[in-house]
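How do the words used for a protein model follow from the values behind them?

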Amino acid sequence: MARSSQQGSEPPFRVVFGGDPYLNDRMARDLLRKAEQARPDAESIELDASTCDAYAFDEAVSPSLLSDVAIVRVDNLQSADDKLGDAMAAYARQCAADPAHSSIVICRHEGGNKGKRIVDRILGAGAVKVEVPDLKKADAKLNFVYQCFERDGRRVEPLAAQQLVSVLGDKTGELAAMCHQLAFDFDDDPMTLERVNQYLTANPQVTGFMVADRAVEGRTADAIIAMRSAVEQGSEPIALIGALASKLRTLAKASAVRAGVISNAEAKVNPWVLRNATRQLGGWTSAGLARCIRTLAWADEQSKTNGGDPLYALETSIELISRKGQR
């Protein structure tokens with residue numbers, strides 16, 4: 001049986017390297033999907049470099065009864081042993097010499113120095129490295145949100161994108177899922193800040209941040225209504241207390257930066273979040289912040305003891321925060 005010719009010009013052996021874990025996995029899935037479209041006759045095989053050996057890899061990329069070629073995904077390349085590394089480097093050389101008749105291999109490496117020697121050998125043998133962004137900077141996260149909406153053929157307003165980043169910027173997978181769900185549920189184009197806030201408030205996973213924002217804005221009734229709604233939807237009071245405490249810590253850091261006590265870098269806060277917190281400092285005093293933080297510590301204790309009343313403690317904390325810590 002003659003081998004199938006490769007359609008397209010994509011290199012057959014690629015290493016998806018480092019970056020944000022969610023984006024690393026998504027990149028690998030995108031490459032695999034394109035490979036499956038180009039090679040519909042190929043058998044799909046998944047391997048884990050932390051458990052498979054050289055024999056398993058050689059068998060995966062070799063012709064079988066089902067197909068002459070395969071599309072092989074290899075996870076955890078950083079955990080490959082030397083013999084598996086030798087087999088992969090040898091096959092990378094074969095792919096470079098005859099790409100049209102080679103199986104497609106997509107490897108995932110989490111980044112860092114572990115297993116770097118094996119990666120270098122595979123790349124030196126002809127494999128192609130696919131770099132993945134890390135999304136550590138605020139601008140990178142904003143661009144990611146724009147790209148998420150673009151993947152669904154939609155646009156998003158800058159303020160709406162910033163709100164999504166401020167709430168879910170440290171959880172890339174959840175951020176991507178939220179963007180996709182918004183595009184699926186609503187026809188707005190571009191997606192507006194009002195629509196994003198409406199959706200976030202209805203989501204028990206992120207309502208705590210909305211409660212905190214409304215409390216800091218002095219919207220006492222709205223904050224308490226959102227809190228009760230979140231609890232009814234299944235959010236634990238301790239999670240909402242944590243969101244309020246996180247908001248106050250950010251305000252305290254913004255106050256310290258403005259006073260010159262610490263630098264922006266020392267604050268270790270997303271620049272967009274820090275700028276937003278600085279704008280919200282009006283009317284706050286050090287004593288008011290301290291009083292609110294102590295009240296939240298009391299609320300935390302109430303939520304962890306059998307005789308406590310966490311909902312009352314939450315409402316008391318929200319009311320005090322809404323008054324900027326003033327008695």
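Q: What makes a crossing of two helices right-handed or left-handed?
A: A crossing is left-handed if the near helix is turned anticlockwise from the far one by less than a right angle, and right-handed if the turn is clockwise. In this structure, which is a predicted model, the crossing of helix 3 and helix 4 is right-handed.

Q: Why is helix 3 called roughly parallel to helix 4?
A: Helix 3, residues 82–97, and helix 4, residues 116–124, pack at an angle of about 20°, and their axes lie 8 Å apart. Angles under 35 degrees count as roughly parallel, and therefore helix 3 is described as roughly parallel to helix 4.

Q: Which residues of helix 3 and helix 4 meet, and how do they divide by class?
A: From helix 3 come Asp82, Gly85, Asp86, Met88, Ala89 and Ala92, and they meet Arg117, Ile118, Arg121 and Ile122 of helix 4. Sorted by class, this contact of helix 3 with helix 4 holds five nonpolar, one polar and four charged residues.

Q: Why is helix 5 called roughly perpendicular to helix 6?
A: The axes of helix 5 (residues 138–151) and helix 6 come within 9 Å of each other and cross at roughly 115°. Since the range from 65 to 115 degrees counts as roughly perpendicular, that word is used for helix 5 against helix 6. The crossing in which helix 5 passes helix 6 is right-handed.

Q: Which residues form the contact of helix 5 with helix 6, and what classes do they belong to?
A: Lys141, Leu142, Val145, Tyr146 and Phe149 of helix 5 meet Pro158, Ala161, Gln162, Leu164 and Val165 of helix 6. By class, the contact between helix 5 and helix 6 has eight nonpolar residues, one polar and one charged.

Q: Where does helix 6 meet helix 7, and at what angle do they cross?
A: Helix 6 (residues 158–168) and helix 7 (residues 172–185) have axes that come within 9 Å and cross at roughly 145°, in a crossing that is right-handed. On the side of helix 6 the contact is made by Leu164, Val165 and Leu168, which meet Thr172, Glu174, Leu175, Met178, Cys179 and Leu182 of helix 7. These residues of helix 6 and helix 7 divide into seven nonpolar, one polar and one charged.

Q: How do you know whether strand 4 is enclosed or open to the outside?
A: A residue is buried when its relative accessible area is under 20%. In strand 4, residues 104–109, six of the six residues are buried, so the strand is largely enclosed by the rest of the structure. Ile104, Ile106 and Arg108 point one way from strand 4, while Val105, Cys107 and His109 point the other way, and all are buried.

Q: Which strands pair with strand 4, and in what sense?
A: Strand 1 (residues 13–17) pairs with strand 4 in the parallel sense over five bridges, and strand 3 (residues 70–75) pairs with strand 4 in the parallel sense over four bridges.

Q: Why is Gln280 called buried?
A: Gln280, in the loop between helix 13 (271–279) and helix 14 (286–304), has a relative accessible area of 14%. Buried means under 20%, and therefore Gln280 is called buried.

Q: Why is Asn76 called partly exposed, and why is Leu135 called buried?
A: Partly exposed lies between the limits for buried, under 20%, and exposed, over 50%. Asn76 has 29% relative accessibility and so counts as partly exposed, whereas Leu135, at 9%, counts as buried. Asn76 lies in the loop between strand 3 and helix 3 and has a positive phi of about 55° although it is not a glycine. Leu135 lies in the loop between strand 5 and helix 5, and its phi, near 55°, is likewise a positive value in a residue other than glycine.

How values were computed:
Residues numbered from 1 in each chain as written. Predicted model: local features only at pLDDT ≥ 70, side-chain atom pairs only at ≥ 80, totals over all residues. Heavy atoms only, no water. Axes fitted to C-alpha atoms, helices over the stretch in contact; angles between N-to-C directions. Helix = DSSP H or I, 4+ residues; strand = E, 2+ residues; numbered from the N terminus. Parallel < 35°, antiparallel > 145°, perpendicular 65-115°, else oblique. Contact = heavy atoms within 4.5 Å. Nonpolar A, V, L, I, M, F, W, Y, C, P; charged D, E, K, R; others polar. Buried < 20%, exposed > 50% of the residue type's maximum accessible area, 1.4 Å probe, protein only. Pairing = 2+ DSSP bridges.
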